[in-house]
Amino acid sequence: MDWTILIYKTIFLFIILLVTLLVAMYSTYGERKVAAFMQDRRGPNRAGPFGLLQPLADGVKMFMKEEIIPLSANRVLFILGPSIAMTTALLTGVVIPWGGIITIGGREFSLQIADLNIGILYVFAMVSIGVYGIMIGGWASNNKYALYGAIRAASQMISYELAMGMSIVALVITTGSLSLHEIVAQQHGMNWNIFYQPLGFLIFLTCAFAETNRAPFDLPECETELVGGYHTEYSSMKLGFYLFAEYINMFISSAVIATLYFGGYNMPFIDQLGLPQNVVTLLGTMFFFLKIFGMIFLFMWIRWTLPRFRYDQLMNLGWKGLIPLAIFNILATGIYYYFTELS
Amino acid sequence: MEKLTNRSRVVSDKKMTFLEKIYLPAIIKGMFITLKHFFRKKTTINYPEQKREFSQIYRGQHVLKRDDLGRERCTACGLCAVACPAEAITMVAAERKPGEENLYREEKYAAVYEINMLRCIYCGDCEEACPKEAIFLTDRIVASQYQRLPFVYGKELLVEPLDPDKRIDVSVRQTDEVRDFKLNKRFAHNK
């Protein structure tokens, strides 16, 4: 066992964890600002300069709130729900390649914690487990609204995961690999997958909105109908965990979308500049984060533009719209590659 | 019937075309609308730092005016209390003693004059009813309180300060037209 690698991985793991939490924290701030700007308001601007300390104040507020567990709730599951939601949200970041290779003292360090050869499947597995956080929380609350929210979350996730998986199948046909590192490496330069899989990207994006429970697919929370949806009975930091998990999910899905379709840490025209490799890697990581922030902005932009779907519309779109489209996409991609590889 | 605006559109449930069915053009159109608003001038006013300009006829906290010699104008006739639709005004009248001529203009004055700012609806009827041009509504805002009792304003808060520099300016409301109206015996309040 090589100790430097172990220490490096541990440190890097903590950095990623911190960055994830920090980005999620400031996503809440960003969301409030974006929402305000789109409604001709100013947004939070009292706590610190430009209201930059607002997330901190929110966090403190969440911690100070009274912790209430309803008497009729299942105590164990009630606590397990937000824990699962938070844990699975944080686990996904492990396989995402945050950058290229950094050379320190003649040794090469990869800016990816685990280069699984089935990276995409791992992401899917984690996202699917994330549903349990919501389902268990909604069920354990012993509240009709929470149960409704949980049922909706479960059915929504199942229907949209299908289309999402199929849009990825088409992507896997084009790239020929399930490893995220490999997929990013193939998109070197401007060979971004979005140019090869525009329809697949659109399907994946729509499903990502549904998977993260973001508007216009935020039916599990659905303030107007279900009070608070699955987290109706939650208070204090357990509620904070749920809300925070949503923002982490948003960050991670933005990272996944940027990795799969926008070339990850690849920067156009970086080879022509002739920079040393470490600089290239760092620039690439910065560019990757720029892409992620762009995606997060898109998430927010859509949320404050579109109204919520009705439940039957949601199911219609999923089963009658996206899944046939995804199947068509797979067929078209498959036929194209079958004939191009024959000739 | 004549339309008020030209924005109304007749709703139809015709079959959607393919472009309408895939939603995307409509979504992108909507996103550009929100993006347009993103860069638009914000309508919010940062309240404690910036203050909105009041209208000329804004009706805020009352003032009990003194005349040019610094004497209270109020004679405790009670017309304001009668006119008040919210019954927010109460007063206790007292007779002016010899030697108090520099304090009160008339022979009778209000020993106690209270306005309950929680009851007051700031309609300005008291101002209209007053025959002595003693009470006016100003553009000052009634400060918020934690309890109800401090909202009952007594004379110490209502009567304007003696100091000529600290007088409350009501020249916007105390115009010549108001004076003529007050002196005109045709009106019920002045008979």
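Trainee: Among contacts in chain B between residues at least 6 apart in sequence, what percentage joins residues at least 24 apart?

Mentor: Two residues are in contact if their C-beta atoms, placed from the backbone, lie within 7 Å. In chain B, 73% of the contacts between residues at least 6 apart in sequence join residues at least 24 apart. Please note that this is a predicted model, in which local features need pLDDT of at least 70 and side-chain atom pairs count only at pLDDT 80 or more, while totals for chains, interfaces and linings use all residues. Residues are numbered from 1 along each chain as its sequence is written, and chains are lettered from A and ligands numbered from 1 in the order in which they are written.

Trainee: What radius of gyration does chain B have?

Mentor: This radius is taken over C-alpha atoms, and the globule rule is 2.2 Å times the number of residues to the power 0.38. Chain B has 27 Å, whereas a compact globule of 191 residues would have a value near 16 Å. Its C-alpha trace spans about 95 × 45 × 30 Å along the principal axes.

Trainee: How many helices and strands are there in chain B?

Mentor: Helices (H or I, at least four residues) and strands (E, at least two) are DSSP runs, numbered from the N terminus. Chain B has six helices and five strands, in the sequence pattern α-α-β-α-β-β-α-β-β-α-α.

Trainee: How is the packing of H8(A) and H10(A) described?

Mentor: Two packed helices are described by the angle between their axes and the distance between the axes. Axes are lines fitted to C-alpha atoms, for helices over the stretch in contact, and angles run from 0 to 180 degrees between N-to-C directions. The axes of H8(A) and H10(A) (residues 236–261) come within 11 Å and cross at roughly 170°. The two helices are therefore roughly antiparallel (angles over 145 degrees). Phe201(A), Phe204(A), Leu205(A), Ala208(A) and Glu211(A) of H8(A) make the contact with Ser253(A), Ile257(A) and Tyr261(A) of H10(A).

Trainee: Is Asn213(A) buried or exposed?

Mentor: A residue is buried if 20 or more other C-beta atoms lie within 10 Å of its own, exposed if 12 or fewer, and partly exposed in between. Asn213(A) is buried, because 27 other C-beta atoms lie within 10 Å. Asn213(A) lies in the loop between H8 (198–211) and H9 (223–226) of chain A, and has a positive phi of about 60° although it is not a glycine.

Trainee: Where is Tyr122(B) found?

Mentor: Tyr122(B) is in the loop between strand S3 (108–116) and helix H4 (125–129) of chain B. Its phi is near 55°, a positive value in a residue other than glycine. Tyr122(B) counts as partly exposed, because it has 16 C-beta neighbours inside 10 Å.

Key
Angles under 35 degrees count as roughly parallel, over 145 as roughly antiparallel, 65 to 115 as roughly perpendicular and the rest as oblique.
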